[in-house]
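Subject: Structure handover

Hello,

Here is the structure for you to look over. My notes follow below it.

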Amino acid sequence: ELQPFAWLKNKVNVIPNGIAITPAPTPDQIRAARNSLGVPDSAFLCLYVGRLMAGKGIDTLIEAFAEIHKQYPPAILSVIGAGPGEAVARERSTALRLNGVVSFHGYMSDPSYYFDACDLFMLPSRYESFSYVLLEAMLRAKPCITTRAGAIPEVVGENAAVLIPPGAPHRIEATGAKPLRILCCCSPPYSHEDTELLEDSR
């Protein structure tokens with residue numbers, strides 16, 4: 001985009017958005033967050049935070065999660081957010097018999113407890129400029145499955161997330177299968193070795 005402005009070369013610095021740096025939650029803090037939210041110890045909590053609309057891929061996530069839960073029964077999904085796609089997402093979740101597996105919590109000004117409590121963060125965006133929610137998840141050292149949409153690859157870098165093409169539920173299932181299988185077999189919080197296994201699965 002800056003090509004017509006050649007005279008600006010070496011005169012423009014890109015400063016990405018950021019968030020306040022805080023320590024990742026300790027095992028005790030994770031346990032407290034899960035207890036406060038009523039998440040069973042046996043559950044593998046997946047999390048989506050964002051506007052509920054087609055551009056964010058909530059429809060593909062619901063479709064994919066039906067198969068993910070079938071393969072990995074401990075997996076449950078909490079959806080934080082509101083938007084024009086909420087009614088359709090709820091209806092599709094019910095049609096796929098995901099009641100009690102996928103829970104919708106509406107908009108929250110501070111979903112910190114959910115970020116602390118989750119085992120895996122999922123953001124299947126079709127379009128994305130800059131994702132603060134991915135920063136929040138990575139800040140807490142949470143494994144992430146997201147897409148190559150927009151600036152996401154720039155935000156997450158090379159090894160911080162499993163990246164898939166946007167808009168394809170079967171790719172969430174297939175690409176997410178190996179890291180989810182690895183993480184379902186591990187007990188949170190995850191060790192350095194678990195993280196290496198996740199990175200190797202990309």
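What percentage of the 202 residues of the protein chain count as buried? The figure is 45%. Buried means under 20% relative accessible area, exposed means over 50%, and partly exposed lies in between (1.4 Å probe, protein chains only).

Two points on conventions. This is a predicted model, in which local features need pLDDT of at least 70, side-chain atom pairs count only at pLDDT 80 or more, and totals for chains, interfaces and linings use all residues. Residues are numbered from 1 along each chain as its sequence is written, and side-chain values use heavy atoms, with hydrogens and water left out.

Confidence

The mean pLDDT of the protein chain is 81, and 79% of the residues score at least 70. pLDDT is the predictor's confidence in each residue, from 0 to 100. Where pLDDT is low, the predicted coordinates should not be read in detail.

Fold

The protein chain has 8 helices and 6 strands. Helices (H or I, at least four residues) and strands (E, at least two) are DSSP runs, numbered from the N terminus. The order along the sequence is α-β-α-β-α-β-α-β-α-β-α-β-α-α. Take the contacts with a separation of 6 or more: residues 24 or more positions apart account for 67% of them. Contact means heavy atoms within 4.5 Å.

Core

The largest nonpolar core has 47 residues. Such a core is a set of buried Ala, Val, Leu, Ile, Met, Phe, Trp, Tyr and Cys residues joined through side-chain atoms within 4.5 Å. F65, L77, V102 and F121 touch the most other members. Leaving out residues up to four places away in sequence, F65 touches C46, A75, I76, L77, V101, V102 and M122. In soluble globular proteins, nonpolar side chains tend to be buried together.

Helix 5 has V133, L134, L135, A137 and L139 as its buried residues. They pack against strand 1, helix 4 (112-117), strand 4, strand 5 (144-147) and helix 6 (152-156). Just after helix 5, A141 has a positive phi of about 60°.

Salt bridges

How many salt bridges does a search of the whole structure find? It finds 9. The criterion is a side-chain nitrogen of Lys or Arg within 4 Å of a carboxyl oxygen of Asp or Glu. Three of these pairs follow.

- R126 and D59 meet at 2.9 Å, N to O. The pair links distant parts of the chain, 67 residues apart: R126 is in the loop between strand 4 (120-123) and helix 5 (132-139), and D59 is in helix 2. R126 is partly exposed at 24% relative accessibility, and D59 is partly exposed at 33%.
- E86 and R90 meet at 3.0 Å, N to O. They are 4 residues apart in helix 3 (residues 86-95), so about one helical turn separates them. E86 counts as buried because its relative accessibility is 19%; R90 is partly exposed at 36%.
- R140 and E136 meet at 2.8 Å, N to O. Salt bridges with shared partners join D116, E136 and R140 into one network. R140 is buried at 13% relative accessibility, whereas E136 is partly exposed at 26%.

Aromatic pairs and a loop

The structure holds 2 aromatic pairs. One of them is F130 with Y132, edge-to-face, at 5.6 Å centre to centre and 65° between the planes. Rings of Phe, Tyr and Trp (its six-membered ring) pair if their centres lie within 6.5 Å; planes under 30 degrees apart count as stacked, over 60 as edge-to-face and the rest as tilted. F130 is partly exposed at 22% relative accessible area, as is Y132 at 40%.

R51 sits in the loop between strand 1 (44-49) and helix 2 (58-71). It is partly exposed at 46% relative accessibility. Leaving aside neighbours within four places in sequence, R51 contacts K56, A82, G83 and P84. R51 and P84 are 33 residues apart in sequence, yet 8.4 Å apart in space, C-alpha to C-alpha.

Best wishes
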